There are 2 protein chains.
Amino acid sequence: MSAASIDESKKPIGVFDSGVGGLTVLNELKKQLPGEDLIYLGDTARVPYGTKSALSVTRYARQAAQTLVDRDIKLLVLACNTVSAVAVEPLQVALPNLLVVGVVEPGAEASCKATRNGHIGVIATESTVSNQAYQRAILTRRPDATIQAQACSLFVALAEEGWHDGDLVEQIVAKCLSPIIKASSNSLTGMDTLVLGCTHFPALKASISRVLGGDVALVDSAETTARYVAGLLSDRALLNEQSEGQVQFMVTDGPERFARVAPCFFSGSVEPSAIELVDIQHFGG
Amino acid sequence: MSAASIDESKKPIGVFDSGVGGLTVLNELKKQLPGEDLIYLGDTARVPYGTKSALSVTRYARQAAQTLVDRDIKLLVLACNTVSAVAVEPLQVALPNLLVVGVVEPGAEASCKATRNGHIGVIATESTVSNQAYQRAILTRRPDATIQAQACSLFVALAEEGWHDGDLVEQIVAKCLSPIIKASSNSLTGMDTLVLGCTHFPALKASISRVLGGDVALVDSAETTARYVAGLLSDRALLNEQSEGQVQFMVTDGPERFARVAPCFFSGSVEPSAIELVDIQHFGG
């Protein structure tokens, strides 16, 4: 191993999300790769991306990527389904020397491995559902798959408010999921796998699981993405071998709110004083 | 009346909101002032403002105000509580020749008229609650008032998803309101008036009313703001006397979603083709 590659392995991993949801991905990275230094950037000034156009989302992602590249990262995780769905390719073209990993491909891969009957459900934000990123990524791997996708925008608000379980939350989850459950029960096979296609949704995993019953496998894209990153770094001899990495946070607005909401998604500590307020819009994009 | 003032009266009213919630104010303006031409600007690229800092919100409001001033408006309504709470004064300084009306002052005024025992509740977004705009506006008018304010961020998502009534919505509303109801029942007087301090909330008015019971008067700031604008234009001989005004829409992102969600808040028609996509960020601010 050359001196250059040793240095490269010590560089941090950049994790970009539109707000706080990507902290579920950060959480899994920290769990699976405890030696890595992690820099999280949440574009809290412009969250949510889920209702914004592909053009805007791609522009914001370029600004964020440039901000993290300036911090000398070795790999960029787009820890946001909306960003992953539209911006992976433009970013790889714009930054050809950077490893860019989205959450859609690992989630699609995991769902194709999990399904027995080829009937896969996807729940996500409106934009992720309508741009069909998961549908395409699943069909590339399994052209005979039956896919049902549904927007569950309300889950984002529930997750951020800390409404994660209990009877009322399950009733809300059941009402939100009723169209996809009904469509599934009307089909010959019935879906046996559901992709949580928004990084906020793992916070509601237990409630979703109770509503669907044990026969439906839930694919948590935070978990699958962290596993994919671990494999990629290992293959390229880029794993940081130190025992415990540092975690830094950058937000584009409201560090106090970020510190308050973060524990809904991230199990490590997030001190308000450790959160840096940054302006990323000057990058144009 | 001079020729200049006749021309002035024919100019449109500008209505600015962070997204779709201000359509409840537009709706009331259309109802109470059918002759006025109205131009609505929703900053859908950066919605929601409720979780953003005062500095960012003021900057966005200046960009929006400049966009509407370029359309030659006679009066600007800040149809967003978050914006009204922080940006009325900065805008009046920046644009001294423009009439600027927020929703906070009319709502505070109406609540002071409605209350019998001086115990007023305020529900709003986090930023409106924490910057205490309503609390200050009420105490200026009624220094002996007892005020209880509470953030109900989840109501925004419910309103936009079209979850306005029904048993489940009432259960959610009851859970969200339980802290303020409990605090009220522990006080000597008990609140007799509740300000709906977010323009989204009138969509949930019936459910909120059923949860609180008939003894609590609800102050709908959309209604009170439209009444205030009508009085101001009448006082200044600026009312447009035509029989039916035009309504135009501008958004900074996602006109299709805007057209789809708008009927939750606005009873007039909103054709996708009548919605103009604008960039307001080039104004700096």
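## Cavities

A search of the whole structure, which is a predicted model, finds 3 cavities of 30 Å³ or more. On a 1 Å grid over the protein atoms alone, a cavity is a set of points where a 1.4 Å probe fits but cannot get out, whereas a pocket is an open set with protein on both sides within 12 Å along at least five of seven lines, and lining residues have an atom within 4 Å of a point. Local features need pLDDT of at least 70 and side-chain atom pairs count only at pLDDT 80 or more, while totals for chains, interfaces and linings use all residues. Residues are numbered from 1 along each chain as its sequence is written, chains are lettered from A and ligands numbered from 1 in the order in which they are written, and side-chain values use heavy atoms, without hydrogens and water.

The largest cavity has a volume of about 910 Å³, a volume being the space filled by probe spheres set on grid points that are joined across faces, edges and corners. Its lining comprises 50 residues, and those closest to the centre are A:Pro48, A:Val156, A:Ala157, B:Pro48 and B:Val156. By class, the lining of this cavity has 16 nonpolar, 24 polar and 10 charged residues (Ala, Val, Leu, Ile, Met, Phe, Trp, Tyr, Cys and Pro count as nonpolar, Asp, Glu, Lys and Arg as charged, and the others, Gly among them, as polar).

## Relation of the two chains

## Pockets between domains

The largest pocket holds about 470 Å³ of space and is lined by 23 residues, with A:Ser84, A:Val88, A:Glu89, A:Gln92 and A:Glu105 nearest its centre. Its lining divides into 15 nonpolar, 4 polar and 4 charged residues. Because domain 1 (3-102 + 224-283) and domain 2 (105-221) of chain A both give residues to this lining, the largest pocket lies between them; the domain bounds come from an automatic or database assignment.

The second largest pocket has a volume of about 400 Å³, and of its 21 lining residues B:Ser84, B:Val88, B:Glu89, B:Val104 and B:Glu105 are the closest to its centre. Its lining has 14 nonpolar, 4 polar and 3 charged residues.
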